[in-house]
Amino acid sequence: MVLVVAAALVLVILGIWWVTRKRGPTGEERMELSRAENKVKVSDPITRGDIDVLERWGSKLLEDAIELRRAQLQRGDHPEQR
């Protein structure tokens, strides 16, 4: 009986882990992430959507994107209006 309860508990824990684990981007998401990261690397106009994509996937370029967008907005560039 104890073995059955322990097995059930392990299955519940594995189920919770499976549902809540952090997954990486796939397919179109990976393309969006790559496009947003490339825009930061070449200092292209950064949109709010680019920042959202970088944040969603934990990109190392997120802070650079935020600073770049802030500088672009201070210069009067509004990428969403292009």
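Where is serine 43 found? Serine 43 sits in the loop between helix 2, residues 28-41, and helix 3, residues 48-56. Before going on, please keep in mind that this is a predicted model.

The backbone at serine 43 deserves a look. Its phi is near 60 degrees, which is a positive value in a residue other than glycine.

Now the chain overall. The secondary structure amounts to 4 helices and 0 strands. Read from the N terminus, the order of elements is α-α-α-α.

Next, the dimensions. The C-alpha trace spans about 70 × 25 × 20 Å along its principal axes. The radius of gyration of the chain is 20 Å, whereas a compact globule of 82 residues would have one near 12 Å.

On burial, 22% of the 82 residues count as buried. The accessible surface of the chain is about 6,400 Å², and carbon and sulfur atoms hold 60% of that. For contacts, take those with a separation of 6 or more: 40% of them are between residues 24 or more positions apart.

Let me turn to helix 1, which covers residues 2-20. Two of its residues are on my list.

Is valine 19 buried or exposed? Valine 19 has 68% relative accessibility, so it counts as exposed; the cut-off for that class is over 50%. Threonine 20 has 59% relative accessibility and therefore counts as exposed too.

Valine 19 also belongs to a group. Together with Val10, Leu11, Leu14, Trp17 and Trp18, Val19 forms a nonpolar patch on the surface. The accessible area of these residues together is about 710 Å².

One distance involving threonine 20 remains. How far apart are the C-alpha atoms of threonine 20 and threonine 47? They are separated by 29 Å, and the two residues are 27 residues apart along the chain.

To recap: the chain has 4 helices and 0 strands, its radius of gyration is 20 Å, and a nonpolar patch that includes Trp17 and Trp18 lies on the surface. Serine 43, in the loop between helix 2 and helix 3, has the positive phi. That is all I have.

Notes:
Residues numbered from 1 in each chain as written. Predicted model: local features only at pLDDT ≥ 70, side-chain atom pairs only at ≥ 80, totals over all residues. Heavy atoms only, no water. Patch = residues over 30% accessible without salt bridge, like charges linked within 9 Å, V, L, I, M, F, W, Y side chains within 5 Å. Areas by Shrake-Rupley, 256 points an atom, 1.4 Å probe, with all protein chains shown as cover. Salt bridge = Lys/Arg side-chain N within 4 Å of Asp/Glu carboxyl O. Helix = DSSP H or I, 4+ residues; strand = E, 2+ residues; numbered from the N terminus. Buried < 20%, exposed > 50% of the residue type's maximum accessible area, 1.4 Å probe, protein only. Rg over C-alpha atoms; globule rule 2.2 N^0.38 Å. Contact = heavy atoms within 4.5 Å.
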